[in-house]
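Reader: I would like to go through this model step by step. Please show the sequence and the structure before we start.

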Amino acid sequence: MSHKEPAGDNIVVAPCHPITRWWSKETVAIVTGANEGIGFALVKQLAKLGLTVVLTARNIIRGVEALESLKSEGLHVHFFSLDVSDPNSIQAFVARFQEAFGVVDILINNAAVSFNDIYENSVKEAATVIRTNFYGPKMLTEALLPLFRHSSTAGRILNISSRLGLLDKLKNPKIKEMLLDEENLCGEKIVWMVNLFLENVKNGTWESQGWPQIWTGYAVSKLALNAYSKVLAKRYKGHGLSVNCFCPGFTQTSMTGGRGAHTPDDVAVVGARLALLSVEELPTGKFYVIGSNHVIYSKL
């Protein structure tokens, strides 16, 4: 991911022609944090397109309500409870999923939290935000990696991220240099970074250490998720697994208090499209954003 805004040949307009249908009812997709908002809309869109979709939510009652809502629209999906911030919940989910389905084709890591209003920037819940938004997708992905189907259409991981976590928001030169060193970047260094941030929060120095200034805890969690996605994409490039990030932008969800430039359904149309690109068009290590009329992506 460049620390500068991508320009020229670094920006690519996503294909706007119809996607060749490569998937079937046997294609299995998991969407986390899907009882409402973007996750729910993604489940609905993928189910409409004919995939087998697993909706996950940490709250069982809300998950069942989401399931029933989709059923009332004639859409049959599967619900499993999952709290991505809890390793035991992840372990139980993966075991149940493996028993029920055996393999996965698409993982959309959508579950995330923020405890700030739009114009607030408290880091009081920073540890919970990091645990849910970074460690959650990381732990779940690593637990599911052995279950990705080996096929000519490639496995796909789409991490729902944010431009708040782009490197141009980071003003700490040492950490920026580390993240830009793609040859040596690894999971251990990313974990060191988030631990440093949490230590800065604990000792009250986080505001002077060059961390992103808007929704700082959330931004650092997405900075870490973007970096992890880069590492994973590099590791599996050429081995049948695509890993990309997608920033849905300012969307009307509970996280934004219902404010936003577009609806979850608008985002889901784009997100589903990115997850379902034909293998000939499918990149890896990209950061997608919603433009005014197109989806564009830049290198992570």
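Reader: Among contacts in the chain between residues at least 6 apart in sequence, what percentage join residues at least 24 apart?

Author: This is a predicted model, and a contact here means heavy atoms within 4.5 Å. Taking the contacts between residues at least 6 apart in sequence, the share that joins residues at least 24 apart is 73%.

Reader: What does the secondary structure of the chain come to, and what percentage of its residues are buried?

Author: The chain has eight helices and nine strands. A residue counts as buried under 20% relative accessible area. Of the 300 residues in the chain, the buried ones make up 53%.

Reader: Which residues make the contact of H1 with H8, and how do they divide into nonpolar, polar and charged?

Author: H1 passes H8 in a right-handed crossing. On the H1 side the contact is made by Gly37, Ile38, Ala41, Leu42, Lys44, Gln45 and Leu46. H8 supplies Pro264, Asp265, Val267, Ala268, Val269, Gly271 and Ala272. By class, the residues of this contact are nine nonpolar, three polar and two charged.

Reader: Is Thr132 buried or exposed?

Author: Thr132 lies in helix H4, residues 126-144. Its relative accessibility is 6%, and the cut-off is 20%, so Thr132 is buried.

Reader: Which backbone oxygen does the side chain of Thr132 reach?

Author: Leaving aside neighbours within four places in sequence, Thr132 is in contact with Val84, Ser85, Ala111, Ala112, Val113 and Pro137. Its side chain also reaches a backbone oxygen at 2.9 Å, and that oxygen belongs to Thr128.

Reader: Where is Asn116, and is it buried or exposed?

Author: Asn116 sits in the loop between strand E5 (106-109) and H4. With a relative accessible area of 10%, below the 20% cut-off, Asn116 is therefore buried.

Reader: Which backbone nitrogen lies 2.9 Å from a polar atom of the side chain of Asn116?

Author: Apart from neighbours within four places in sequence, Asn116 is in contact with Asn121, Ser122, Trp215 and Met255. The backbone nitrogen that lies 2.9 Å from a polar side-chain atom of Asn116 is that of Ser122.

Methods:
Residues are numbered from 1 along each chain as its sequence is written. This is a predicted model: local features need pLDDT of at least 70, side-chain atom pairs count only at pLDDT 80 or more; totals for chains, interfaces and linings use all residues. Side-chain values use heavy atoms; hydrogens and water are left out. A crossing is left-handed if the near helix is turned anticlockwise from the far one by less than a right angle, and right-handed if clockwise. Helices (H or I, at least four residues) and strands (E, at least two) are DSSP runs, numbered from the N terminus. Ala, Val, Leu, Ile, Met, Phe, Trp, Tyr, Cys and Pro count as nonpolar, Asp, Glu, Lys and Arg as charged, and the others, Gly among them, as polar. Buried means under 20% relative accessible area, exposed over 50%, partly exposed in between (1.4 Å probe, protein chains only). A polar contact is a pair of N or O atoms within 3.5 Å; within protein, one must be able to donate a hydrogen and the other to accept it, and residues adjacent in sequence count only if both atoms are side-chain atoms.
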